Amino acid sequence: MKLRLYYETDPILRQKAVPVEKVTNKIRRLVEDMFETMYAAKGIGLAANQVGILQRVIILDLRKRGIKPMALINPEIVVRAGECDNEEGCLSCPGLFAKVTRAACVTVHALDTAGDEVAVEATGLHAAALQHEIDHLDGILFLDRLDPTERIRLEQLRAAHHPF
Ligand code: NI
């Protein structure tokens, strides 16, 4: 079932999601619905906050980069290294894209939909996407991570699109 997406100014995007206690059918159903919602919106990543659910669940589909779709429950970044810039956007902030500096490589520990522990090592866009989605679970948007120049550029863009 496609879920409603929540946008930038909605307070739910500023709240911290709570850990999932047990990976139940309800959580698996949420994951399925999140994939359906993300595909309908042509996104590559989604966090549960964005569909109004404050549980620590994220999904990614970077098939175009040769990475198979994944759902991670209670994801935690346990290693971060280096630094790199990636152009990011967000389904909760339609039409806004900006360069964000994040760790170049991360290792994430999480549970999969079977409730088993998994470790994911990621670099480049994959690493950026994981950090972006995990930020959502902590109430953080990519807009909060922009350097001052990018922020000004984005605000000007916004002003140009909404002159009144
Ligand atoms: Ni996002």
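## The largest pocket

Which residues lie nearest the centre of the largest pocket? The model is a predicted one, in which local features need pLDDT of at least 70 and side-chain atom pairs count only at pLDDT 80 or more, whereas totals for chains, interfaces and linings use all residues. Residues are numbered from 1 along each chain as its sequence is written, and side-chain values use heavy atoms, with hydrogens and water left out.

Ile44, Glu88, Gly89, Cys90 and His132 lie nearest the centre, among 21 lining residues. A pocket here is an open set of points on a 1 Å grid over the protein atoms alone, where a 1.4 Å probe fits, with protein on both sides within 12 Å along at least five of seven lines, and lining residues have an atom within 4 Å of a point. Helix 2 contributes the most to this lining, with 6 residues; helices are DSSP runs of H or I with at least four residues, and strands are runs of E with at least two, numbered from the N terminus.

## The nickel site

The nickel ion has Cys90 (SG), His132 (NE2) and His136 (NE2) as protein donors, 2.1 to 2.3 Å away; donors are N, O and S atoms within 2.8 Å of the metal (3.2 Å for Na, K and Ca), and sites may look incomplete because water is not among the atoms. Cysteine 90 sits in the loop between strand 4 and strand 5 (98-102) and histidine 136 in helix 2, so the pair ties together parts 46 residues apart in sequence.

## Helix 2

Glycine 139, with a positive phi near 80°, follows helix 2.
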